[in-house]
Structures are given as C-alpha cells and as structure tokens.
Amino acid sequence: MSKLKLVVEVISAHNLMPKDGQGSSSAYIEVEFAHQRFRTVTKDKDLSPVWNEKFSFTVPDPSNFSFETIDVHIYHENKSAHSKNFMGRVKIYGSSVVREEEAVVQHFPLEKRGIFSHIKGDVALKVYYVEENGLGGNPLKEDNENKERSPLETETVQYQHRQQTTQQSAKAVQERRPDVKVVHMHNTPSQPVDYSLKETSPQLGAMGMHRDKLTSTYDLVEQMLYLYVRVVKARDLPTMDITGSCDPYVEVKLGNYKGTTKHFEKEANPEWNQVFAFSKERTQASYVDVVVKDKDLIKDDFIGHVMFDIHEIPTRVPPDSPLAPQWYRLEGKDAGSKVKGELMLAVWMGTQADEAFPDAWHADAAAVHTDRVASLRSKVYLSPKLWYVRVNVIEAQDLLSNDKGRFPEVSVKVQLGSQISKTRVAQNRGLNPLWNEDLVFVVAEPFEEHLILTVEDRQGPNKDEVMGKTIIPLSSVVRRLDHKPVPTRWYNLEKHSVVDGEKKETKFASRIHLRICLDGGYHVLDESTHYSSDLRPTAKQLWKPSIGVLEVGILSAQGLLPMKPKDGRGTTDAYCVAKYAQKWVRTRTVIDSFSPKWNEQYTWEVFDPSTVITVGVFDNNHLEGGNGDKMGGARDAKIGKVRIRLSTLETDRVYTHSYPLLVLQASGVKKMGELQLAIRFSSSSLLNMMYTYSRPLLPKMHYLHPLSVTQLETLRYQAINIVALRLSRAEPPLKRDVVEYMVDVDSHMWSMRRSKANFFRIMSILSPLIAVGKWFNEVCNWRNPITTVLVHILFLILVWYPELILPTVFLYMFLIGIWNYRFRPRHPPHMDTRLSHAEAVHPDELDEEFDTFPTSKGIDIARMRYDRLRSVAGRIQTVVGDMATQGERLQSLLSWRDPRATAIFVSFCLLAAIILYVTPLQVIVVLAGLYQMRHPRFRRSLPSVHINFFRRLPARTDSML
C-alpha cells in the first residue's frame, strides 16, 4: 500500500468567546495527529480570525487510519502572562476523512472540555488525504470492503445532512436534469466573503470634539455641506419675442452642474419658488451663476443674470429662520451692464438638516427625466390607521324564497372592499335562520368602503339566490374600546325583482339582526409577528405614554453591486426605506453610485422596547419615463435589509456599525454590499421601561377575546394589502413590492431551508439539557471518581436540608448571569447565514423556496418534491406516534387493558404507600439517589426492571389500520 499524507487546512474561526477581559481574544490553533503537532500564527484582537494555513501529516499506518483521531484545539495566547487559555476543541475521526477532490470546507462547532466550560463559536476546516506517490485508489477500502459508501462522502453538505431523494420520481427527474453542485457561501481561501458585523468610527456630530451649531441638529450623521439657491420670482422682464411676449425660465449654473426651472409662456412676472441644492464636495467652481432666459423654438435668448461669489455666501443653520430672499437687478452679458428686470433670490450655505433639503432639486439628478425627479426625494410616510371590523351575524326573520317547495339553505355573505367572508349554512332550515357567528375584517381610515351584507340561498353548486341585501356605511358603526358587547340592531333587507324587464323593489322587507362594531382594543397586525415594530391598540385612548426615543442615522452604503445595465455598464441608484411603528421614511435616491452617502437622520417615539426597526436598501427603477413604468411594470430591486431589536440596545449609547446586506437568491445567499447606520435609543424613564416588561405584549383584547391563528394570518394579509395600496397612492409612491419586502409578506410559506434551520434552533436549545444528561450519566458510571464523590456529598446535603434547594438554584443562576456579563454581546444582532441555514443549501430546495404558489414547475419536479415532503412528514409522523405510544402506556397502568400488568402495578402502589407511610421521605430519596448513582460494578448492562415493565405495557397501536 502507498504512503498517505493527511492534510488539514485551517481556514477561519467565527464568533469566539472573548478571553482577554476587553471583549476580544488573540487566538491560535493547534492540530495534532499521530504524535505530530502543528500550530497556526496568533491573530491578535479578533473574534473571527482568518488563517488560511495548510498542515501536512504523515500517516504511519494507513490500514489503521480509520481508527485514528485528529485533535484540533484553539487557544487564547496571553502574552503578558506567557500562558494560554482554552477556547474550544474539535475531534475528527479518520473514518470521516475523504479524498482531496471530494473535500469541502466544513464548519465544526467548538466542543467544551467540561460541563462548566464557557465555549462558543465554530472553526472552518478542510480535511482530506492524498497519496504520496499520486496513485489512485481508496486506502480505506480494505476496512470497508463490505460496506456501502456513506452519503456524507458524496454529498457536499456543510452541516452533514443529506437530501432524502431516494424515491423513483426523484431519480427520474435527476436523470433528465444536469448535475448541479451545492453552492457554499462560506469563507474560502480563494474568495473570502465577510458576513459579519463591523464597528465603524464615522465623524458624527455627537462624537465631534468641536461641536458647533452645524452639528446641533443632525448629531448622528456626518455633516454634508450644500449650496442652496431659492429662485422665488421675477418682475418687469423685458419682451424678447416679435409678438412682444416673454417665455422666461431660470438656469442655475455651478461648475459643470446646471439646474433649470419650468418656463412660463407670455409671462413677464413669473413665480417659480423652486430650490436648487449643490453638494459642496462635488463642485470646484468659485461662482454660482443664475441666468434668466427666454425659451424659443431654435435657440433660447439671454435676458440677464446674477452672479455670486461662493466665498461670500452666508451660512445658515436651523433652527435659524429661513434666509429672506432679496430682489437682484439683472445684469447683461457685459460686466457691469444692467438690463430691465429683477429676480428675487435667496442663496445660502447649509447642511442636510435644512428644511429645504428634502424638496430641493439636487445636482446629481440632472440626467433624470423631469417627471421622475419627485421619485428621487426623501419623504416620510404614515401608515393608515387600521381597525378590525367585527360583524356578529345573529339571525334573520321573514325571508322570502322563490322556491316554496323546499327549505332554503341560508347563509350570509359579507363584503368589505376586496374582503369577502361567508357564514356557514344555518342549522335550522327555514325562513327565520339563526347563525350567531362572528366575521372580522380590516379597514383603514378614512373609511372609503361600505359594508355589504347579502343573504343567499344555496340552490346548488355555484348557484346562489339572493334573498336580501343591505349596505351599511362604516361611519355609522359604533367604536368599541373594551370587551363589553355593543347593542344589537335590526337592518332591513332590500330585495329587487325583475317584472317585464324593469327592476322593482319588494315592498315587504325581511330583516337581519346584527351586532357591528369597530374594535379599537386590538392591535392590527400588518407585519410579521416576529418582527413587530408596533404593539399599541388602534384606539389612541388606550395608548400608554412613550418610554423613549429612537434616533437612526442612515449614513452610507459601501460595495454595492451593479443592479441594472446603463450605457453598456452596470449602475445602481440606491435609496433606503426604514419602518418603525406607523412611520415609514424614504431617503433620497443617490444616482449612479456604488458607495452612496445619504447622511439623513430620523426619529421615532418608542412605546415598547420589544419591537424591531427594519431598514431596507433598494435600487430605484422608476427614473426612466415610459408607459411600462406607469403601468407598474418596473419593480425596485431588493439590495438587502437590516432588522434591529430595540431591547438589545443599551440606552443612550450610539451604535455605529456596518451591516452586511444579504439577499437569498435562487443561486444561494449573496452579499450585495454593506449599510452603515448610527443608532441611539434614549429612555425618558428607566422605571417606566422596566415596568413595560411586566405588561402583556399585546393589548388586553387579544387575551380576553383572542383571534385564532388562521384569522390573524388572514387579517394580516388583508392589512398588508391595505397599507401597500395606500402607500402606493402617495407621491412619490412607495411601491407594493417594497412594502411587502419590508414586512415579510411571504414568511409563512413552506421552505425546506427554514424547516431545517428551525430544527437546528430547537436542537441548540436542547443541547444544554442533553449535555447535563451526559454529564450525569458519566457521574453515575463513575468516569471521574472525584466528581462522583462530590456529587454524592452535595446530594446528601440537599436531601437533609431541602430548604437549601431553591436558594442554591437561584444563587447559581445569579452567579452564571454575573459571570456572563463579561461576555455580553457588544453589538446589535444581524442576519446570520449559518443560523438561517443559507450557506450550504441544495439548489433544488432554493428553487422550491422561490417557486410560486401554486407551483409553476413541471409534474415530475412537483412529484419529486411531494415525495421528499412525504418522507420528511413520515419521520415526523413516526416520532409523534412514538410519543402517543408512551402516553397510552401510562394510561394503561390503571385501565386493566392488560389485567396482569395492572394487578402488578396496583399491588406495587399499595406496597409503596405502606413503605412511604412508615419511612421518612428523606430516607427514600437518599436510597433512590444512591441506587441511581451506584458503582458500575453493581450495574447490569440490561435494562432495569421498571423499564422492562413499562415497555411491555399495551398501547393502541395494534388497533390502528
């Protein structure tokens, strides 16, 4: 057999435990195999170090390679004390090592050395073997001649899971489809992609050493100086045309930038009242030239101009009053010559804090069509006030049916705008039906739709006869703030009949008994419940006082990718949208920049700390005119979004970080750039904030009269539609696709990736309990005699002094909390690709996740996915069945289903009652504990008596088909 070389590539580590007492660590890695040891260099002050080092080991005995282990330890180097601190370890067995061409980078979670070790993070390694002489063949084949190759050796799956595609339909699809490889979006030596959060140090107004008036308003953004020119109006302009008229407009020139007002026809005294803003850092000119021209068909005529020296322009900073415009006499082309006419102007230097900034024409918008300039401006939107409309359909009386020979099957259809709900068919079939059923809808102020109720008789499939109809305006509906029922009311039902081609109303009116109210005690959910930004009830009378203020500075973005082609190259026109509570904000669009700077600051009132603010970045695709855009054909491309939970922020601290913008696409997770934010959460009262943690999360109506999960999901979808419709009618509009992306409208859709991620989340929660169980099993098996003896002593103390149990538990948790305070998170949370299970995902799973509903795929692919879902559901079904079996065995203890087993258990209960009556409880507990932790010499490898007895109990599985 040829000689083997084991190769271990140490790529990187992620999210390590701080060890230096300053929130960081200096980590290095030691790799040991067969008494050979190598170590990497030390990465100072880095919790996510990258090494990209390769180590080669000699395999002394290739035939025994499957039983060898590779030990990887990571340490913190304490240079001052010349010592090292343990940070975690990984053990890899030789049986899991593959050939070089099959090797991939794997992320191994760091293991603890003991149950009390404080370890977190993972390490990325690439482990494989090569033959020294380059010959082919598998050296492990001798040890596995009769074994089938493990799927882990053929599938490129990072977290060591495999796809269940063994069904015949899956094989048929794979034969017709080309081979695809799993795309891994992790750190590799060739192309590192950084998904981590980065702390930045921008020059903010709140951090400046010389804080002056320029930084007094916007203290969470960098200062941006602008030259503002307000063109108000002109008077006594001369006539320029043969007809004796003038069609004036104004050009504002600064260097290579030029802004133009609209022109007026035959007007000698026009009024524009338009503001132009020029960024100072982009201009090199010393003068700003304001030119008045007369618009003609061939060439526009020069009327006059006014010039200003930039160095002599005054500076104005809010809250100073706006600079008063002045009349300036127009000058001719020749220096010092005066012409007829005057122009009213105001020219000043200011920052983005100026109130003229949002509506000003910016110099970078010169190439944008005039009709699209409005879509560049920053705006603040308010979501409409949403109400739940509860319609309690009680009964109807004196209905008229055209078919006298049958009992009508009566139901009530209620329509509110595009929302339609229907009651069930009344149980008492007759002309006086009874329902007493609640229907709930969503409506927004101002109320534009009416409530339409139709009583229908189902005569057959898709055939309903209208027995009466009534229209109720929502303005007349009672508003309810608590759980007390509102008064009921009878409404007349109108019925129209056609006689000789004419529509006539029936004189005899039927009636319907209703209880209708606008429920103001609920919070109308218009976003995902996991990322709620507002939890207040609809009625303002029920609002609690605010507990603080949230300030967000949207600074800039870095490294954005090209989103669309323009003039043979890629370009991006980026803007940001932030949503918190009912307030939406939209920054201005920065044209043609991969590193846009916005430096805009916004403020929200905070009523609950357990809320989330969402900031999204989009590419503006509405800058070109055309019919396709007007018809809604263009959609703003999603660049990424950031979610920040306020409860994870310290009060009165400014967080300045660069957040990765991650988007999950059909090809895998992709980093689109980075967004730089500055965030400050200020609390008005610490006691009020602490008190909110004792209050219910939702308004009390959600607990007194809760809505079902299905109702909440349906109403949430309707609320999103209403909000998207209202915001799309604003100017500039906030499009539906932007709103739906911000509120995660499709978060409830099935995804194999999300299901796996949630499963591993559950496993991470249960892992401490599993670790405690393993530790206790080692104690019972006397793996470490000293630990076992100490546990025996502690057990005896707690048994004889049971009053110490609860104080000990709470004191232990207190000490753990105090100890973990040193390692508390110093940064806000961000999108985690590993937690989302997005770094290593099968392409077919992503294709399924991005599929439409209902599916648009072919029958073979749909059958393959259905079979895969059946296999997953089958395993879940087995687990649920096993849990039901254990419960049924407990029930059968006293049910006499197995008379002998029940007789034994009843006799045991009687004997146990006698023994426990005459024996102190502490003695019983001590004996039971000592028996459980007895030495392995007194144990048997077979199951105990009570386990054997329980497994023999009958269950109802034998009664199932």
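Modeller: The side chains of Arg 390 and Tyr 522 make a polar contact of 2.9 Å. Polar contact means a pair of N or O atoms within 3.5 Å, one able to donate a hydrogen and the other to accept it; residues adjacent in sequence count only if both atoms are side-chain atoms. This is a predicted model: local features need pLDDT of at least 70, side-chain atom pairs 80 or more, while totals for chains, interfaces and linings use all residues. Numbering starts from 1 along each chain as its sequence is written, and side-chain values use heavy atoms, without hydrogens and water.

Biologist: Which side chain does a polar contact of 2.8 Å join to Arg 390?

Modeller: That of Asp 519.

Biologist: Is Arg 390 buried or exposed?

Modeller: Arg 390 is buried, at 13% relative accessible area. Buried is under 20%, exposed over 50%, partly exposed in between (1.4 Å probe, protein chains only).

Biologist: Where is the place of Arg 390?

Modeller: In strand S22, residues 386-397. Strands are DSSP runs of E, at least two residues; helices are H or I, at least four.

Biologist: How many bridges join S22 to S25?

Modeller: Nine, and the strands run antiparallel. Pairing takes at least two DSSP bridges. Val 393 has Glu 437 in S25 as its bridge partner.

Biologist: New topic. At what angle do H7 and H8 pack?

Modeller: About 100°, with the axes 8 Å apart. The two helices are therefore roughly perpendicular, a term for angles of 65 to 115 degrees. Axes are fitted to C-alpha atoms over the stretch in contact, and angles run from 0 to 180 degrees between N-to-C directions.

Methods: Parallel < 35°, antiparallel > 145°, perpendicular 65-115°, else oblique.
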